[in-house]
Amino acid sequence: MESSNRSASDAADLVERSLEELGVRDAPGLEALFTQLQRLLHEELGEASQKSPDTARQEARESLRVRWLGRKQGIVRSITENWLRSAPVELKPAIGQRLNALREEAENGLKSNYRVGIADTGVYTTGSIAAQSSRPAAVDALDITLPGRRRVVGVEHPLRRAIREISEIFFSLGYSVEEGPDIESTYYNFEALNIPEDHPARDDQDTFYVDPQTVLRTHTSPVQIRTMEKQQPPVRIIVPGRAFRHDAPDATHAAMFHQVEGLAVDSNITFADLKGTLDYFLKAFFGPQVRTRFRPSFFPFTEPSAEVDISCLFCGAATGCRICKQSGWIELLGCGMVDPALYSHVHYDASKYSGFAFGMGVERLAMLKYGVQDIQLFFQGDLRFLHQFR
Ligand code: 2U9
């Protein structure tokens, strides 16, 4: 006979008989009787909890509920009828107390969290929390044959991944990473970078001001200034990090976004070094088929300056398409030779050293490389989006 059947008949048999028939006349006898019932209850709960699949477990629980808590012939009900009513007056309070405790244990045990398995804390457990305090030790046994609970493994965020992929390419060229504060003085964010008082970027339409001398940095360029203050050339650094602009959100703009900027300063650095470095980087990041194009541009901190385009990743610059606006080229980043005026802020000898700098928006690179069409997806934490980057 299965143990559940045996214990089932034992419990039902016990409560069918009166206390007198069972030979129970005092408090210790009563205690032993209820302890036996309690053990039987937990055995049955334990067996039901191990039933599989879920439907079988639910059915087993339901039949236990009827058996123990059923209004007409449940075990708890029978105790009231067959033990409590006819018990000597002095035993009635103790019976009432133990009966209530047993009912509560049955109710708690039948809640769906009564199972053998791993709790949220990661600790192996048996039974509901309420039932654990007085549960017999046998029920605590760990059943190693039960299937384990699968833990959801997280994924690297696509922006982290893009920053890592960019960084690894520059590490291979001998660059290291520098970081700095998100909240900056206007000196490091503007003055030291040749951005004059009346430049539109300084307007509070474009920049978040904490106070008149403090801003949320609008680019990571202040970190290059801070690094040059600390260190004489040679310098080869990349600076990944957050930047903030007073922009209305849409599919390509967000008030907080990420940049990776770079700086190389040494003797004899030329525009050819800049072109070779960025061409190498873009081929390594997007693939060897990519061609690059440098167009003259202007930035306050570089002279000469250029915008860098890559041949369209989608039509290969052959036909033109919607993504490259029929031009065959995609505008990607900005760069230039560091304006020698900047060196005076950091005590570099402009007659001895020259350098180049570049800046790119990480979201833009990630959108193109991973085929993401809305920048907002990076910031919404939607697992349906994030899990695609496994
Ligand atoms: C120092 C000297 C020069 C950093 C540079 C750019 C060009 C550039 C944009 C790309 C897309 C910003 O995220 S974006 O909107 N950046 O075009 N950035 S040169 O030049 C520096 C920086 C620091 C001391």
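These notes cover the ligand site and the salt bridges of a predicted model.

1. Ligand shell. The ligand has 19 residues around it, and Gln 259, Phe 299, Gly 334, Ala 357 and Gly 359 come nearest. By class, the shell divides into eleven nonpolar, six polar and two charged residues.

2. The side chain of Gln 259 places an N or O atom 2.9 Å from a ligand oxygen. At Gly 334, a polar backbone atom is 3.4 Å from an oxygen atom of the ligand. Taken alone, the ligand exposes 560 Å², and the protein buries 88% of that.

3. Elements at the site. Helix 10 (221-230), strand 8 (256-266), strand 11 (329-338) and strand 12 (354-361) each give two or more residues to the shell. Strand 12 provides the largest share, five residues.

4. Arg 164. The structure holds 21 salt bridges. Arg 164 meets Glu 156 in one, at 2.8 Å from N to O. Arg 164 also meets Glu 168, at 3.5 Å. Arg 164 and Glu 168 are four residues apart in helix 8 (residues 158-172), so about one helical turn separates them. Arg 164 is partly exposed, at 33% relative accessible area. Glu 156 is partly exposed at 33%, and Glu 168 is partly exposed at 43%.

5. Asp 266 and Arg 236. These two form a salt bridge, with the closest N and O atoms 3.4 Å apart. The pair links distant parts of the chain, strand 8 and strand 7 (residues 235-244), 30 residues apart. Asp 266 counts as buried at 19% relative accessibility, whereas Arg 236 is partly exposed at 31%.

6. Network. Salt bridges link Arg 293, Arg 295, Asp 309 and Glu 331 in a network.

Notes:
Residues numbered from 1 in each chain as written. Predicted model: local features only at pLDDT ≥ 70, side-chain atom pairs only at ≥ 80, totals over all residues. Heavy atoms only, no water. Near = heavy atom within 4 Å. Polar contact = N/O pair within 3.5 Å; in protein donor to acceptor, adjacent residues only side chain to side chain. Areas by Shrake-Rupley, 256 points an atom, 1.4 Å probe, with all protein chains shown as cover. Nonpolar A, V, L, I, M, F, W, Y, C, P; charged D, E, K, R; others polar. Salt bridge = Lys/Arg side-chain N within 4 Å of Asp/Glu carboxyl O. Buried < 20%, exposed > 50% of the residue type's maximum accessible area, 1.4 Å probe, protein only.
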